[in-house]
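Student: I have a new model on my screen and would like to learn how to read it. Can we go through it feature by feature?

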Amino acid sequence: MSFLNEIDLYLRSKATLIVVVSPEEERIQEELKTLCMNTGRSCIGWDIADGFQSIIGDYAPGGGRDPLTALEQIDKIDSKDPLIYVLRDFNEFWDNPTIKRKLRSIAERLKFTRKSIIITAASASIPIDLIDETVIIDYPLPNLEQLEEVLNKLQLTPGVVIRLSDAGKEKLLQAALGLTAAQARRVFSKGI
């Protein structure tokens with residue numbers, strides 16, 4: 001099952017707290033954007049540096065750079081429309097008992113709405129208090145097609161010319177399997 005199908009299935013089954021484990025935040029957000037556009041969901045991102053940002057749709061609560069305030073804002077938004085909150089690096093705040101309790105309470109209340117929280121994290125160390133409320137998904141590394149897309153996007157950079165035969169390109173892509181998209185981009189750039 002593809003990542004998008006798996007996420008969509010969990011969202012339709014009212015999973016309210018999903019943790020996607022991967023350092024590839026950019027790829028995850030792009031896939032979630034695609035999912036939201038295809039399914040008519042709105043999507044709001046949050047991180048401690050920038051607060052809330054609208055990813056898809058018109059919802060954008062103000063403020064909320066503090067994680068507790070952000071959770072309070074999420075709890076307050078009264079929307080009948082399907083809505084996903086993408087909290088980047090929120091796992092950094094799980095040591096705080098107030099944040100952990102608030103997140104658990106919100107996850108329980110969201111079961112009766114069309115809203116869900118997706119947390120992107122580089123590791124899957126979830127507090128025992130949140131295990132029952134949480135769905136954990138390991139985000140897969142890029143496949144050959146996705147790595148080729150990374151290489152093709154790199155070619156669009158002004159001044160970059162890639163002179164590889166089809167066989168050379170295939171070998172380069174095969175060698176990059178097992179890397180994240182960002183790692184592959186750096187390797188490709190260095191090679192060029």
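Tutor: Start with a single residue. Thr 120 has a relative accessible area of 3%, so Thr 120 is buried. Keep in mind that this is a predicted model.

Student: Where is Thr 120 placed?

Tutor: Thr 120 sits in strand E5.

Student: Which residues is Thr 120 in contact with, leaving aside neighbours within four places in sequence?

Tutor: The list includes Val 20, Glu 25 and Ile 28. It also holds a run from Val 86 through Leu 87, Arg 88, Asp 89 and Phe 90 to Asn 91.

Student: Is Tyr 139 buried or exposed?

Tutor: Tyr 139 has 7% relative accessibility, so Tyr 139 counts as buried. Tyr 139 lies in the loop between E6 and H5.

Student: How far apart are Tyr 139 and Thr 120 in sequence and in space?

Tutor: They are 19 residues apart in sequence. From C-alpha to C-alpha, the distance is 9.6 Å.

Student: Which strands are joined to E2 by bridges?

Tutor: Take strand E4 (residues 83-88): 5 bridges join it to E2, and the two run parallel. Within that pair, Ile 44 is opposite Tyr 85 in E4. Strand E3 (residues 51-56) is also joined to E2 by 5 bridges, but this pair runs antiparallel. A hairpin of 3 residues connects E2 to E3. Trp 46 has Phe 52 of E3 as its bridge partner, and Asp 47 stands opposite Gly 51 in E3.

Student: How do side chains point along a strand?

Tutor: In a regular strand they alternate between the two faces of the sheet. In E2, Ser 42, Ile 44 and Trp 46 point one way. Cys 43, Gly 45 and Asp 47 point the other way.

Student: How many residues of strand E2 (residues 42-47) are buried?

Tutor: The count is 6 of its 6 residues, and E2 is mostly covered.

Student: How do E4 and E5 pair?

Tutor: E4 and strand E5 (residues 115-121) pair in the parallel sense over 6 bridges. Leu 83 has Lys 115 as its bridge partner in E5.

Student: What describes two packed helices?

Tutor: The angle between their axes and the distance between the axes. The crossing is left-handed.

Student: Which residues of H3 and H4 meet?

Tutor: H3 brings Pro 67, Leu 68, Leu 71, Glu 72, Ile 74 and Asp 75. H4 answers with Thr 98, Ile 99, Lys 102, Leu 103, Ile 106 and Arg 109. By type, the contact has 7 nonpolar, 1 polar and 4 charged residues.

Student: At what angle do helix H5 (residues 144-155) and helix H7 (residues 181-191) pack?

Tutor: About 45°, with the axes 10 Å apart. H5 and H7 are therefore oblique to each other. H5 passes H7 in a right-handed crossing. From H5, Leu 147, Val 150, Leu 151 and Leu 154 take part. They meet Ala 181, Ala 184, Arg 185, Phe 188 and Ser 189 in H7. This contact divides into 7 nonpolar, 1 polar and 1 charged.

Technical notes:
Residues numbered from 1 in each chain as written. Predicted model: local features only at pLDDT ≥ 70, side-chain atom pairs only at ≥ 80, totals over all residues. Heavy atoms only, no water. Left-handed = near helix turned anticlockwise from the far one by under 90°. Helix = DSSP H or I, 4+ residues; strand = E, 2+ residues; numbered from the N terminus. Contact = heavy atoms within 4.5 Å. Nonpolar A, V, L, I, M, F, W, Y, C, P; charged D, E, K, R; others polar. Buried < 20%, exposed > 50% of the residue type's maximum accessible area, 1.4 Å probe, protein only. Pairing = 2+ DSSP bridges. Axes fitted to C-alpha atoms, helices over the stretch in contact; angles between N-to-C directions. Parallel < 35°, antiparallel > 145°, perpendicular 65-115°, else oblique.
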